[in-house]
Structures are given as C-alpha cells and as structure tokens.
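This briefing is meant to be read with the sequence and the coordinates open side by side. It begins with a point of backbone geometry in a loop and then moves on to the chain as a whole, its strands and its pocket.

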Amino acid sequence: MAAVRVLLLSGRPESRPPFCPFSALDQQPRAPGAELPTNRGVDLAVAVVLQSSDQTVLLTRRTRTLNVSPNLWVPPGGHVEPDEELLDAGLRELWEESGLQLPQGQFFWVPLGLWESAYPPRLSWGLPTYHHIILYLLVISQESQQQLQARIQPNPREVSALMWLGPDVAAAVAATEDGTETPRHLPQDLPPSVLAVELEENGGTRPLVLPTSTLLRTTPATADSQERVSTGTKFALRLWLQHLGSVTPLPCGSGAHWDPGPAREEQNVDHPPTTNQGSGKQSA
C-alpha cells in the first residue's frame, strides 16, 4: 500500500501569488490544445529560513543552469523524499546546498507557513509544468552569522551566491509584494547595496556588492530569468519578521521561546556525508 502524507498546520498562514497560474486558468478560456499535462501532480517541498543568533537570515541565489526558477534568491530547500520527516528534509537540503550542518542542541525550529508555488510563475510565461506546496521552516541557530558563514561550502551545481539579510532590508524586500497595484513606500535610509558572497568558476568565492534595487524587483509579466527574490521568499520574509517581532530573544542555551508543542520541540539531526546533490527543483 502506498504511503499517504498528511500535512496539517493548524493556525499557520498559507498563501499563493495573486497571479498564480492555476487561479488564472480558472478565470479565462484556454486556447485549443493548451491542456495541462495529465501526469502533473503536486509535490511537497521544504525551505529553511535559517536565522543566526544576531538575527540575520540566509538566502542563496540559484544558478542560471537550473531548469526551475534560475537566478532567484531563495532560502535553501527542495523536495521532501518519501517517508522523510519535514525537518529532516529541510536540514538535508540546507546541508546539500550550503554545506552547513547545525550542531546538536544549538538550534530550535518552528513552522512559518505554506506557499503554493508554480513554475513558470505566470500564465503569460506558459502553462505550469511544476506545482509545489512549500513549507517554510524557521530554524533558529544559537551561532552567529560569522560562525555559520565560516562553515559554509556552497554546492556550485545549485548555488551561485549567498547572503545574510537583516530585518531592515528584509522588510523592504517583503514590502515589494508581487502583483499589487499600490506601490509601497520604502524607508529613506535603506542602504544602496548589500554584501553577498559569489562563487567563482575555480571553486573559490569573492565578495559581491549587490544593489539593493536588485532585491526589490518584482516578477515580470513575460518570461525572464532576471535576478530577483522569489515571490514565495517575500512571503516567508514577512512571516519571519512577524515572528521576530512577537518573541523576546533568550540567552544562548536557555531553550525555546515559544510553546513547545509536538511539532515545535527542539530537534537535533545528524546527517552522514552523502554524494546526493539534491534535485534542484525548488520553485519560486
């Protein structure tokens, strides 16, 4: 008998972009022959919003060679394998993409929300070929950004750059909500650029000064692999900022600062070395 996965997150927000292709398909007639693939299913994915002890979060830029969502800034994440626990999947993807393994007893986690994702992201780009439900997990490390960054070894097959976002820039990025007609007023003191790390062809890394305007781009109406932050990531950043504003940081090692229900207890997972480099099919 095939295993059935049931995902129930009581009280957790869920969302989709206002231009979701599956919603648009129901609102307009399809051209002759423009039928969705009969074997299309909905995959489950997990993305890890990794927060350092100094309250920054890790984003990675997907390589240009990936078939799905190339050149987008997203949290590490990907498909959940059959019979795999959700946290295990998230930590595995974090390790496969960034080389980071979180020490036992030095992180906590909580589910943030669900995002319905399609690729291509707009119907004007073509019929969707990938359909995902993405669970965003907030993983709070007791290590600083500097400590975490020192251990990062990005997978060049999936990651071309990485950066740590603080709350101020993250709030500006989250405010540029795709598909809204009313422009948001951005802070006047927003820095003109953010510092990132870019992978070189020889396997090394180099500093990258990334214009903040790059992170504020929205999803274009026509197919384009322009560098930007994915719509789902903006949703996750909004949830992270809401969570950040609702809790009071505790001293290192003092325990979780939320109600430790069954899905929110401190979790520790060790992952043995593996040659699997991940599917690279996290969608935007």
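Asn71 is buried, since its relative accessible area of 3% falls under the 20% cut-off. The model is a predicted one, and in it Asn71 has a phi near 70°, a positive value in a residue other than glycine. The chain that holds this residue has 284 residues, and its secondary structure comes to six helices and 11 strands.

**The loop between β3 and β4**

- Asn71 is placed in the loop between β3 and β4, and Ser69 is in the loop between β3 (57–62) and β4 (72–74) as well.
- Ser69, too, has a positive phi although it is a residue other than glycine, with a value near 50°.
- Is Ser69 buried or exposed? Ser69 counts as buried, because its relative accessibility is 2%.
- As background to both angles, most residues other than glycine have a negative phi.

**The chain as a whole**

- Buried residues make up 50% of the chain, while the accessible surface comes to about 14,000 Å², with 50% of that area belonging to carbon and sulfur atoms.

**Strand β7 and its partners**

- Strand β7, which spans residues 130–141, is mostly covered, with 10 of its 12 residues buried.
- Strand β2 (residues 43–51) runs parallel to β7 and is joined to it by nine bridges; within this part of the structure, Leu50 stands opposite Val139 of β7.
- Strand β6 (residues 107–119) runs antiparallel to β7, to which it is joined by 12 bridges, and Phe108 stands opposite Ile140 of β7.

**The β9–β10 hairpin**

- β9 and β10 pair in the antiparallel sense over seven bridges, and the bridge partner of Val194 is Leu210, a residue of β10.
- Five residues lie between β9 and β10 in the hairpin that the two strands form, and Gly203 in the turn has a positive phi of about 95°.

**Helix α4 and its cover**

- Helix α4 takes in residues 167–175, and the buried residues there are Val169, Ala170, Ala172, Val173, Ala174 and Ala175.
- What covers the buried residues of α4 includes the strands β8, β9 and β11 (228–229), together with the helices α5 (212–215) and α6 (231–246).

**The largest pocket**

- How many residues line the largest pocket, and which of them lie nearest its centre? The lining has 16 residues, of which Pro156, Val159, Ser160, Leu199 and Glu200 lie nearest the centre.
- The elements that give two or more residues to this lining are β8 (159–165), β9 (193–199) and β10 (205–211), so named from DSSP runs counted from the N terminus.
- The volume of the largest pocket is about 320 Å³, and by residue class its lining divides into four nonpolar, five polar and seven charged residues.

Key. Residues numbered from 1 in each chain as written. Predicted model: local features only at pLDDT ≥ 70, side-chain atom pairs only at ≥ 80, totals over all residues. Heavy atoms only, no water. 1 Å grid on protein atoms, 1.4 Å probe; cavity = no way out; pocket = protein on both sides within 12 Å on 5 of 7 lines; lining within 4 Å. Points joined across faces, edges and corners; volume = space filled by probe spheres on them. Helix = DSSP H or I, 4+ residues; strand = E, 2+ residues; numbered from the N terminus. Nonpolar A, V, L, I, M, F, W, Y, C, P; charged D, E, K, R; others polar. Pairing = 2+ DSSP bridges. Buried < 20%, exposed > 50% of the residue type's maximum accessible area, 1.4 Å probe, protein only. Areas by Shrake-Rupley, 256 points an atom, 1.4 Å probe, with all protein chains shown as cover. Contact = heavy atoms within 4.5 Å.
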